Amino acid sequence: MAGHKGLDEFSDILTAAQIAEMLSMNLDYVRKMSRQGKIPAHKMPGGRAFRYLKDEVVEWLRGLPAHETEVEEQASSG
C-alpha cells in the first residue's frame, strides 16, 4: 500500500495525529479514546495535548480481541 508508513518509520514518542495515521483511525476518535482512557496516552503538563509511547500503543493493540463480534458477545451472554 503506497503512502502508508511502516511501524519502524514512526518515532518512539508520537502525537495523536501520528497515532491516527499509524492505526488508520480518525484523529478525533483517537483523541476521544485518549480522553476516555481507552488508549494508553500521556497528557502533557499545562495543556490538553496527549503524547503516546509507540511501544505502549502496540502492546495495547496486541491485547485487544482479534475476532470478537457482536454476535459472539450475544451468544456468550445468554
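Mentor: Helices are DSSP runs of H or I with at least four residues, strands are DSSP runs of E with at least two, and both are numbered from the N terminus. This is a predicted model, in which local features need pLDDT of at least 70, side-chain atom pairs count only at pLDDT 80 or more, and totals for chains, interfaces and linings use all residues. Residues are numbered from 1 along each chain as its sequence is written, and side-chain values use heavy atoms, with hydrogens and water left out.

Trainee: Which pattern does the chain follow along the sequence?

Mentor: The order is β-α-α-β-β-α-α, made up of 4 helices and 3 strands.

Trainee: And what percentage of the residues count as buried?

Mentor: The chain has 78 residues, of which 22% count as buried. Buried means under 20% relative accessible area, exposed means over 50%, and partly exposed is in between, with a 1.4 Å probe and protein chains only. The areas themselves come from the Shrake-Rupley method.

Trainee: Take L14, then. Where is L14 found?

Mentor: L14 belongs to strand 1, residues 13-14. L14 counts as buried because its relative accessibility is 0%.

Trainee: Changing topic: how many aromatic pairs does the count come to?

Mentor: The count is 1. Rings of Phe, Tyr and Trp (its six-membered ring) pair if their centres lie within 6.5 Å; planes under 30 degrees apart are stacked, over 60 edge-to-face, and the rest tilted. The partners are F50 and Y52, a tilted pair with 6.4 Å centre to centre and 40 degrees between the planes.

Trainee: Is Y52 buried or exposed?

Mentor: Y52 is buried, at 0% relative accessibility. F50 is buried as well, with a relative accessible area of 13%.

Trainee: What about salt bridges; how many are in the count?

Mentor: There are 2 salt bridges, each defined as a side-chain nitrogen of Lys or Arg within 4 Å of a carboxyl oxygen of Asp or Glu. R31 and D28 form one, at 3.8 Å from N to O. In the other, the closest N and O atoms of R62 and E59 are 3.1 Å apart.

Trainee: Why are R62 and E59 separated by about one helical turn?

Mentor: They are 3 residues apart in helix 3, residues 54-63, so about one helical turn lies between them. R31 and D28 are likewise 3 residues apart, in helix 2. R31 is partly exposed at 37%, whereas D28 is exposed at 53%.

Trainee: Which residues gather in the patch of positive charge on the surface?

Mentor: They are K32, R35, K38, K43 and R48. Such a patch joins like charges within 9 Å, using residues with over 30% relative accessible area and no salt bridge. Lys and Arg count as positive, placed at NZ of Lys and CZ of Arg. R35 sits in helix 2, residues 27-35, and is exposed at 60% relative accessibility.

Trainee: Last one: what is the phi of S24?

Mentor: S24 has a positive phi of about 55 degrees, although S24 is not a glycine. It lies in the loop between helix 1 (16-23) and helix 2, and it is exposed, with a relative accessible area of 58%.

Methods. Patch = residues over 30% accessible without salt bridge, like charges linked within 9 Å, V, L, I, M, F, W, Y side chains within 5 Å. Areas by Shrake-Rupley, 256 points an atom, 1.4 Å probe, with all protein chains shown as cover.
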